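Reader: I have a model open and would like a quick walk through it. Can we start with the overall fold and then go into the details?

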Amino acid sequence: MALHAGGAKADELRYDLVPDGAITLGAVGLLAADRLLQPSLAPDHCNFCGGNAFDRSLTESLRWEDHSLAAKLSDLGAFVLLPASAMGYAFIAGGGHAGLRDTLVLVETTALTIVAVDAIKYSVARQRPMVLYLPETEPARLRHPREANVSFPSGHSAIAFELVATTATLADLHGRDPLPIWLVGLPIASTVAYLRVAGVWHWTTDVLAGAAIGTAAGAFLPRLLHGRSDRRASSAGTTATPLVLGGTW
């Protein structure tokens with residue numbers, strides 16, 4: 001872990017336009033291709049149909065009568081509130097250049113998370129609870145006919161938890177305390193996950209899996225792709241520390 005001469009943690013985030021910019025562009029390109037091909041990639045039939053007793057009991061207990069409101073609120077949390085908060089924090093805490101760098105890492109990690117989640121969705125082909133609990137004439141089903149069998153895992157939950165985890169990881173890499181981010185962000189992400197069940201878009205196990213995937217992606221991808229591979233700064237900082245301490249004492 002790199003240290004400054006005075007003992008403070010140094011900025012360990014590495015982001016160069018080449019090759020790191022290519023990684024970000026590649027992640028965004030994969031996401032764009034995924035979105036364009038989704039109608040043909042989404043499964044026509046479910047491999048896991050009907051849900052299980054555990055999921056059905058929770059859905060019947062937690063679902064809202066106004067399920068569309070729950071779905072809209074989950075959209076607001078996952079695609080507006082959390083992304084705006086994450087990028088806003090990046091620019092306020094880091095300033096212009098560092099804020100832009102952190103935003104690129106946020107975009108990259110989010111894109112890779114969505115692509116990974118969608119790949120699992122297409123492979124698992126789990127039936128959404130709305131197919132069981134909402135009539136065929138329900139507007140939500142009519143607007144999204146290709147989404148009936150892509151329930152597992154929850155993309156909203158994955159994105160929500162990934163944004164919180166990535167923001168906390170970036171703060172840690174910059175030497176800032178990530179705990180306040182976890183304390184504020186996790187309740188919001190958990191609310192998004194709950195609303196996906198309340199809106200009968202997902203089973204409880206879908207949102208739990210999405211939360212686990214998103215948290216893991218946010219915690220590890222920035223370090224894996226942009227953490228400093230060399231420790232020369234660490235060596236320099238360690239060497240300098242006794243000199244600073246000696247001068248102070």
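**Overall fold**

Author: This is a predicted model. Among contacts between residues at least 6 apart in sequence, 83% join residues at least 24 apart.

Reader: What does the secondary structure come to?

Author: Nine helices and zero strands. Along the sequence the pattern reads α-α-α-α-α-α-α-α-α.

Reader: And how much of the protein counts as buried?

Author: Of the 249 residues, 44% count as buried. The protein exposes about 12300 Å², and carbon and sulfur atoms supply 69% of that area.

Reader: Let's take a helix pair. At what angle do α1 and α3 pack?

Author: About 35°, with the axes 9 Å apart. Helix α1 covers residues 20-41 and helix α3 covers residues 67-124. Their crossing is left-handed.

Reader: Which residues make the contact?

Author: From α1 they include I23, A27, L31 and R35. From α3 they include L104, V107, A111 and D118.

Reader: How do the residues of that contact divide into nonpolar, polar and charged?

Author: There are 13 nonpolar, two polar and five charged residues in the contact of α1 with α3.

Reader: Switching to aromatics. How many aromatic pairs are there?

Author: Two. One of them is W64 with Y194, whose ring centres are 6.3 Å apart. Their planes stand at 65°, over the 60 degrees needed, so the pair is edge-to-face.

Reader: Where do W64 and Y194 sit in the chain?

Author: W64 is in the loop between α2 and α3, and Y194 is in helix α7.

Reader: Are they buried or exposed? W64 and Y194, I mean.

Author: In between. W64 is partly exposed because its relative accessible area is 28%, between the 20% and 50% cut-offs. Y194, at 33%, also counts as partly exposed.

Reader: What about the pair of Y133 and W203?

Author: The ring centres of Y133 and W203 are 6.2 Å apart and the planes are at 65°, so that pair is edge-to-face. Y133 lies in helix α4 and W203 in the loop between α7 and α8, so the pair ties together parts 70 residues apart in sequence.

Reader: Buried or exposed, Y133 and W203?

Author: Buried. Y133 has 18% relative accessibility, and W203 has 0%.

Reader: Last one: T204. Which helix is it in, and what does it touch?

Author: T204 is in helix α8, residues 204-226. Leaving out residues up to four places away in sequence, T204 touches D55, L58 and V197. T204 counts as buried because its relative accessible area is 13%, under the 20% cut-off.

Conventions. Residues are numbered from 1 along each chain as its sequence is written. This is a predicted model: local features need pLDDT of at least 70, side-chain atom pairs count only at pLDDT 80 or more; totals for chains, interfaces and linings use all residues. Side-chain values use heavy atoms; hydrogens and water are left out. Axes are lines fitted to C-alpha atoms, for helices over the stretch in contact, and angles run from 0 to 180 degrees between N-to-C directions. Helices (H or I, at least four residues) and strands (E, at least two) are DSSP runs, numbered from the N terminus. A crossing is left-handed if the near helix is turned anticlockwise from the far one by less than a right angle, and right-handed if clockwise. Contact means heavy atoms within 4.5 Å. Ala, Val, Leu, Ile, Met, Phe, Trp, Tyr, Cys and Pro count as nonpolar, Asp, Glu, Lys and Arg as charged, and the others, Gly among them, as polar. Buried means under 20% relative accessible area, exposed over 50%, partly exposed in between (1.4 Å probe, protein chains only). Accessible areas come from the Shrake-Rupley method with a 1.4 Å probe; for residues, only the protein chains shown count as cover. Rings of Phe, Tyr and Trp (its six-membered ring) pair if their centres lie within 6.5 Å; planes under 30 degrees apart count as stacked, over 60 as edge-to-face and the rest as tilted.
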